[in-house]
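Here is a short briefing on a predicted model.

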Amino acid sequence: MDNIKQTALVVGANGVIGTNLVEHLLSLGNWEVIGLSRKGGVDKPGLQHIGVDLLDAAQSKEQLSHLTGVTHIFYSAYQDRPSWAELMAPNLAMLVNAVEAVEPIAKGLQHISLMQGYKVYGAHLGPFKTPARESDAGHMPPEFNVDQQQYLERKQAGKSWSWSAIRPSVVGGTALGNPMNLALSIAVYASISKELGLPLRFPGKPGAYDKLMEMTDAGLLAKATVWAATNAAAANQAFNITNGDLFRWNELWPRLAQYFGLDVAPPLHMPLQSVMADKGPLWQGMQERYGLASHSYAQLSNWGFGDFVFSWDYDFFADGSKARRMGFHEYVDTEEMFYRLFDELRERKVIP
């Protein structure tokens, strides 16, 4: 099996999850990878990009009509919308359009992997049962993660392929232009704080500083996703995938500040969408002063996601032991993960 070339279709190939998944698959040496995204990308050995609007069913069917050799579909695409209810239609439609275009023609299809998250547990709504487990009861819809999984369950009935649902916590990675990149938001916030001669204040809601948190490294997530997709015992199941440690911001935040050479001051609730909205010109000046890459300020900052994570004034973690009991034993130290991601952002001249 290890020496047989397999063909992965990575849907959402340019996101913080998809980019790491593509790189991991290529590193294994026995995968041909096809990346789907709205903008496409640059091909290289073993990797072909296709630009497609998955909201358009007819275009999806036409653009993907040649993908008869796909053995595994890895779905990690996401479209943001202003409300939970509005997320439903586009995010379900993209999955349906991708699967309906490829599944009927890919006769050797073995697996469809679905990327989810803790919204399945209602984590975005408020305090939820912790540690969350894959067997926990559902909650009142709308919730597109649940609808996506139910679609795959119905589609798979009587078929030879299997599915898996992967549930990471907040993902740590360095992909730019992604709506959910916490490490990048912290790095830009810290860099601007330093430029202004300010200490690094935790900007979240009162109470969030002291609660238990966890994260999922994007590289670890890629390994777990491929493990679940190629392990027969993991078929047709969901898995929480976490770094394996817990932290509180009140302990980690001063250490992140130290990385940037900053003092800390007591937390102050400052919605980042408001206080960082006018910092574009300042950032442009920093890019020129420090010889940074010329990424737009809007591309580097999704302050709404930072506000979302820093608003969790309740414990936010799940039980990741199911995957470990079944044989996936990788783990990542979250503090070291942050330092590695910040180092990478510096090396790429994204931050000073």
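Lys 159 and Glu 103 meet through their side chains in a salt bridge, 3.1 Å from N to O. This pair links distant parts of the chain, 56 residues apart. Lys 159 sits in the loop between α4 and β6 (162-168), and Glu 103 in the loop between α3 and β5. Salt bridges with shared partners join Glu 100, Glu 103, Lys 155 and Lys 159 into one network.

**Salt bridges**

- Lys 159 counts as partly exposed, at 35% relative accessibility.
- Glu 103 is buried, with a relative accessible area of 12%.
- Lys 155 also forms a salt bridge with Glu 103, and their closest N and O atoms are 4.0 Å apart.
- Lys 155 lies in helix α4 (residues 144-156) and Glu 103 in the loop between α3 (84-102) and β5 (111-115), so this pair ties together parts 52 residues apart in sequence.
- Lys 155 is buried, with a relative accessible area of 18%.
- Elsewhere, Glu 23 forms a salt bridge with Lys 44, with the closest N and O atoms 3.0 Å apart.
- Because Glu 23 lies in helix α1 (residues 16-28) and Lys 44 in the loop between β2 (31-37) and β3 (47-51), the pair ties together parts that are 21 residues apart in sequence.
- Glu 23 is partly exposed at 42% relative accessible area, and Lys 44 is partly exposed at 39%.
- The count of salt bridges comes to 14.

**Nonpolar cores**

- The largest nonpolar core has 74 residues, and Trp 249, Phe 338 and Phe 342 have the most contacts inside it.
- Helix α5 (residues 182-195) gives the most to this core, with nine residues.
- Domain 1 (6-169 + 217-241) and domain 2 (171-214 + 246-348) each supply at least three residues to this core.
- A second, separate core has 29 residues, including Met 94, Val 99, Trp 161 and Ala 165.
- Leaving aside residues up to four places away in sequence, Phe 338 touches Ala 183, Ile 186, Met 215, Trp 249, Leu 252 and Leu 256.

**Helix α9**

- In helix α9 (residues 280-290), the buried residues are Gly 280, Trp 283, Met 286 and Gln 287.
- These residues lie on the same side of α9, because they cover an arc of only 115 degrees around the axis.
- Pro 281, Glu 288 and Arg 289 are exposed on the other side of α9.
- The cover over the buried residues of α9 includes α5 and α10 (297-300).
- Gly 291 follows α9 and has a positive phi, near 65 degrees.

How values were computed: Residues numbered from 1 in each chain as written. Predicted model: local features only at pLDDT ≥ 70, side-chain atom pairs only at ≥ 80, totals over all residues. Heavy atoms only, no water. Core = buried A, V, L, I, M, F, W, Y, C linked by side-chain atoms within 4.5 Å. Buried < 20%, exposed > 50% of the residue type's maximum accessible area, 1.4 Å probe, protein only. Helix = DSSP H or I, 4+ residues; strand = E, 2+ residues; numbered from the N terminus. Domains from an automatic or database assignment. Contact = heavy atoms within 4.5 Å. Arc of directions from axis to C-beta.
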